Amino acid sequence: MKTRRQASATIGAAMLALAVLPALACAQGISLAVGNTVPVADVFGRHLPGTNGDPDNSCPVEIRQVLLGGILAPTHESLEAFNPLVTNSYLGRGVVGDRPGLYAETFMDRSVLATNVPYYARVFDRPPAQAPVYYADTPSFFLPPDTEPSINREFEAWKLVATGTADVDTDGDGIPDGMELDLGLDANSPDSDGDGYNDWFEAFWQLEGDYLNPGEADAPLEIRINAPEEPGTEPRTVSWWTIPVPGMTYQLQFRPWLPDDTAYSNVWSTVATETNVEYDVESLIQTDSPVKGFFRVVIP
Ligand SMILES: [Ca+2]
Ligand SMILES: [Ca+2]
Ligand SMILES: [Ca+2]
């Protein structure tokens, strides 16, 4: 029969063994963490939204093999398909909380991954059926040695896919076609509402505080000239209404002749603090009769 002291020593040894076992498992280095350190954002600076803010149904991060022909765009079906490369795919939890745009996942068993095959990591949103799919891929990489527990590969800017077709920006305004459809814009026109402001510019300032609306005509940027043809004592000025974006910079440009489109030069730059700005151009324009000169206002 064991004494109280012997029993205590036996229990102590058992507890020590239990404490060592997990440490040994970790030391084998079979897991692999994949993540990024620079937040992924779309053209508007937004991050992958996940699903209803629920971290457990948010954005999965998966390792995928680079197939012949490159990295494939996802489809709704492929998002739900079992990925044999990943044996223990957790859901990305960096989407919500205090690390927006940062995605990281630990793959507990990477023994299914070959060391001489290129892989990439993909993070994606799980949208409702028929909704566009948002995703971001890393450039391809080879697995690091087992002694390296993590790999930080930056994800590329996230992309949007509609029904499995690579999303393109047909009208070149900076907003992918699928996103234009999502926003109710015309994917074939860089100025959907025809008010003179580019869709991207308007969508950006709509997100920043509803200053402009890419789907509704806003007050156009109109330049007014007070420069009578007859030389005289009247001041010659140009003025324009500013659009309601605080801190917007305007550049007044001038050229003496019309034919050469590249001949505009900057003459004045200002930040709009009021709804109207005016600039005296007396010293710029020629005093010949009739007066010649052309102005334009540019928002850089
Ligand atoms: Ca576009
Ligand atoms: Ca517009
Ligand atoms: Ca508009």
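Predicted model: local features only at pLDDT ≥ 70, side-chain atom pairs only at ≥ 80, totals over all residues.

Reply: One cut-off to begin with.

Me: Is Asn116 buried or exposed?
Reply: Asn116 sits in the loop between strand 3 (104-107) and strand 4 (119-124). Its count is 6 other C-beta atoms within 10 Å. The limit for exposed is 12 or fewer. Because the count is 6, Asn116 is exposed.

Me: What distance separates the C-alpha atoms of Asn116 and Phe141?
Reply: Asn116 and Phe141 are 25 residues apart along the chain. Their C-alpha atoms are separated by 9.9 Å.

Me: Which helix do the buried residues of helix 4 pack against?
Reply: Helix 4 covers residues 199-207. Its buried residues are Asp199, Glu202, Ala203 and Trp205. They pack against helix 3 (177-183).

Me: Which residue just after helix 4 takes a positive phi?
Reply: The phi in question is about 155°. The residue is Gly209.

Me: Which strands stand at the edges of the open sheet?
Reply: The sheet has 3 strands in the order 12-11-14, with antiparallel pairing. Strand 12 (265-271) and strand 14 (294-298) each have a single partner strand, so one side of each lacks a neighbour in the sheet.

Me: What is the bridge partner of Gln251 in strand 14?
Reply: Strand 11 (residues 249-255) pairs with strand 14 over 5 bridges, in the antiparallel sense. The partner of Gln251 in strand 14 is Val298.

Definitions and conventions
Residues numbered from 1 in each chain as written. Chains lettered and ligands numbered in written order. Buried ≥ 20, exposed ≤ 12 C-beta atoms within 10 Å, placed from the backbone. Helix = DSSP H or I, 4+ residues; strand = E, 2+ residues; numbered from the N terminus. Contact = placed C-beta atoms within 7 Å. Pairing = 2+ DSSP bridges.
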